[in-house]
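Visitor: Hi! Could you walk me through this one?
Guide: Happy to. Here it is.

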2 protein chains.
Amino acid sequence: MRLSQYFMPILRDDPKEAEIVSHRLMLRAGMVRQESAGIYSWLPMGYRVLKKVEQIVREEQNRSGAIEVLMPTIQSADLWRKSGRYDDYGKEMLRITDRHDRDMLYGPTNEEMITEMFRSGVQSYKDLPRNLYHIQWKFRDEIRPRFGVMRGREFLMKDAYSFDLSKEAARHSYNKMFLSYLKTFQRMGLTAVPMKADTGPIGGDQSHEFLVLAETGESEVFFDRGYLEMDWQASGISYDDAEGLQAAINGFTSLYAATDEEHDQSEFEARVTEDRRVTGRGIEVGHIFYFGTKYSEPLGCLVQGADGQQTAVHSGSYGIGVSRLVGGIIEASHDDAGIIWPKAVAPFDVGLINLKVGDADTDAACLSLYQQLGNAGLDVLYDDTDERAGGKFNTMDLIGLPWQVIVGPRGLKDGMVEVKNRKSGERDTLSPEAALQRLTG
Amino acid sequence: MRLSQYFMPILRDDPKEAEIVSHRLMLRAGMVRQESAGIYSWLPMGYRVLKKVEQIVREEQNRSGAIEVLMPTIQSADLWRKSGRYDDYGKEMLRITDRHDRDMLYGPTNEEMITEMFRSGVQSYKDLPRNLYHIQWKFRDEIRPRFGVMRGREFLMKDAYSFDLSKEAARHSYNKMFLSYLKTFQRMGLTAVPMKADTGPIGGDQSHEFLVLAETGESEVFFDRGYLEMDWQASGISYDDAEGLQAAINGFTSLYAATDEEHDQSEFEARVTEDRRVTGRGIEVGHIFYFGTKYSEPLGCLVQGADGQQTAVHSGSYGIGVSRLVGGIIEASHDDAGIIWPKAVAPFDVGLINLKVGDADTDAACLSLYQQLGNAGLDVLYDDTDERAGGKFNTMDLIGLPWQVIVGPRGLKDGMVEVKNRKSGERDTLSPEAALQRLTG
């Protein structure tokens with residue numbers, strides 16, 4: 001993409017409404033624009049990151065055996081009256097009356113709808129287990145939306161719902177999501193620590209939230225360094241091996257981890273040696289629940305068991321805040337100059353800076369690199385604008401692409417371009433061929 | 001995907017609420033489920049098609065130079081008051097009051113919001129031209145939603161918006177979308193005929209709608225066969241060649257085409273020889289508008305021209321009904337037994353039928369084909385359920401995958417499986433190796 005043909009409205013100054021770093025950087029880098037309180041448009045740069053995060057979530061859900069569907073944003077209030085949650089949910093639910101005076105709502109979550117969908121589509125125990133998920137916009141009418149996409153009103157969530165014949169089988173489904181979440185966050189360059197949590201308005205008797213370390217997190221967290229050391233992608237645990245999966249999760253969660261609400265300092269000190277204690281702040285990016293028959297019973301989601309008896313299915317629900325993660329990744333990965341994107345979610349792989357647009361040699365060298373990097377499968381943002389060099393450097397650091405290639409007439413005289421690693425700050429002067437090799441090798 | 005682990009709730013009988021064939025087949029094939037009047041969930045099979053259609057639309061938008069963004073579903077009423085459309089839009093607009101008593105609405109379209117976004121992000125003529133699009137759920141509170149996803153209330157639309165310095169430049173943007181639409185529909189196996197249209201509530205002075213032939217279409221259409229004969233993918237017209245593009249479109253649209261509203265039978269007969277006259281019914285799947293400064297003036301979307309003068313930008317908007325297209329494709333491509341998916345949008349490439357689950361040889365032959373077809377990059381739906389053969393055949397015809405591979409002990413005794421082409425109905429008895437060759441070659 002040529003910057004001269006893109007839409008990336010950079011702000012030179014810090015927007016005063018932004019209280020936290022991710023919000024500030026997303027506005028400055030032209031990633032999002034607030035349309036109403038807690039409601040954002042995703043501009044091209046932000047949209048690219050959102051899509052990459054969404055795709056990682058999708059791939060890891062699919063690998064765990066979950067099946068994607070898509071439920072609508074607008075729901076009938078009737079369903080929520082059946083489950084008893086219509087009145088419970090309070091003012092966070094955006095209630096709507098349609099032209100025929102029917103009570104509708106903008107879904108804040110989908111336990112009722114998916115339970116109905118599943119109920120109407122299955123007959124017998126042979127149709128279980130299943131895990132159905134969707135990635136859809138939700139609305140929660142927060143009284144005081146803040147922190148940009150971290151606590152917006154309209155937000156993109158992945159929510160999965162498992163259906164099992166028994167509590168034991170449901171435990172296996174829960175554990176699959178547990179492992180899938182660890183892999184998902186790790187692929188985005190995040191270390192998420194699972195912590196036991198309250199079940200809140202979802203209900204049920206088991207729940208974990210997944211927190212990512214970030215200075216601006218909403219809770220204080222205390223945990224064993226072991227949580228940071230596990231490579232879940234490489235762990236080789238099979239989703240189908242119920243026992244092995246349970247054992248791995250038991251071992252892992254036997255390490256101390258608690259938010260301030262549940263934290264016990266003396267237990268922390270007794271169980272974790274000083275050099276292994278991690279304390280900091282955490283942002284919730286995922287939350288999983290086992291709630292048994294809480295929705296299947298009132299909604300009549302029964303299946304015929306192998307013994308011919310009708311039995312209510314055991315369920316759990318599993319959320320990941322997809323749009324929130326974009327902010328969460330920035331909270332965890334930035335410096336004074338701007339964002340530092342982990343490779344897997346970077347909007348472009350390389351920023352190519354032309355220091356003298358209009359100079360025939362520089363233009364030709366840039367065009368050649370642009371094409372060759374593109375041919376090698378890399379996404380390149382080519383700054384071919386007539387801005388001054390200083391402005392171009394600042395913009396490129398702000399938007400945080402993993403690599404920068406800087407091309408100017410002075411270097412080219414010696415046949416050289418500069419390659420900069422955004423994260424380490426390391427710069428190397430290389431021939432264009434060697435630069436290409438460095439980035440594609 | 002193994003059908004025994006999938007979620008595809010097939011209906012054996014025709015649902016009585018379905019008035020048209022696409023609605024009936026989508027319900028029977030377990031593609032969608034109605035949640036409220038005109039509001040659908042997309043079950044796994046339907047979701048796969050929806051995503052393929054969406055992706056084709058996206059790729060062709062990107063090729064034309066349009067840039068993807070994502071605007072929220074919920075908008076502030078204030079914007080619509082500024083443009084003067086808040087009161088005009090009538091009861092089709094879903095109006096919402098949030099917890100702070102602010103007037104909001106579920107966007108039926110986004111001219112106002114994108115104009116504001118663009119205005120706040122650009123300064124000068126150097127930032128033009130641009131075309132920004134998004135693919136997002138919209139809501140129109142139709143008084144009588146019907147025909148399934150063809151006329152739903154919550155629907156997925158691609159809407160693009162172009163911004164130009166002059167009427168002439170805007171014409172080029174309009175023409176790019178024109179060509180892009182022809183390519184988009186052609187990739188889905190559809191022939192869309194562009195027809196001059198009223199501008200309606202969008203406004204402006206130029207508009208074309210793109211209609212796809214289907215018996216159940218809402219309008220009668222009359223056109224020259226030439227519209228069906230052009231290969232737009234292969235046409236080699238460059239988006240950047242404004243004159244060549246204009247000439248191609250002029251030539252193309254000089255052929256007669258009109259809906260019943262504008263049709264003139266004597267002109268039709270005078271201009272089109274009898275053997276080249278096509279009449280039938282058409283469904284609108286796309287609509288493009290040039291509306292000049294209708295929104296940029298009230299919303300103050302001005303840029304500084306090369307001469308230093310502030311000038312209102314010239315705009316157009318360009319819609320494709322993404323969810324509607326899924327129904328439209330079925331309307332155009334089915335037979336008595338069910339859907340016939342064009343390859344590019346088929347939910348799976350191949351349906352693999354195991355005629356005797358539990359028979360060791362048959363299971364082994366199926367598993368081997370399943371793996372080899374998958375390794376060759378094909379998506380396979382493997383019917384490994386214990387249903388009877390007749391039921392399996394009916395289901396596979398109903399869901400309309402392009403190819404079926406049928407494996408049973410009788411054929412295997414002679415080392416043979418059967419390959420069926422869903423569209424032609426042709427069946428061939430082949431060795432598994434030859435079957436693999438046929439499908440992957």
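Visitor: Which surface do the copies meet through, the same or a different one?
Guide: They meet through the same surface, because 100% of the interface residues of chain A are also interface residues in chain B. Contact here means heavy atoms within 4.5 Å. One note first: this is a predicted model, where local features need pLDDT of at least 70, side-chain atom pairs count only at pLDDT 80 or more, and totals for chains, interfaces and linings use all residues. Residues are numbered from 1 along each chain as its sequence is written, chains are lettered from A and ligands numbered from 1 in the order in which they are written, and side-chain values use heavy atoms, with hydrogens and water left out.

Visitor: What rotation superposes chain A on chain B?
Guide: A rotation of 180° with 0.0 Å of shift along its axis, giving RMSD 0.0 Å (least squares on the C-alpha atoms of residues with pLDDT of at least 70 in both). That is the relation of a two-fold axis. In chain A, the C-alpha nearest the axis belongs to A:Ile96, 2.9 Å away.

Visitor: New topic: where is A:Asp363?
Guide: A:Asp363 sits in helix α10 of chain A (helices are DSSP runs of H or I, at least four residues, and strands of E, at least two, numbered from the N terminus).
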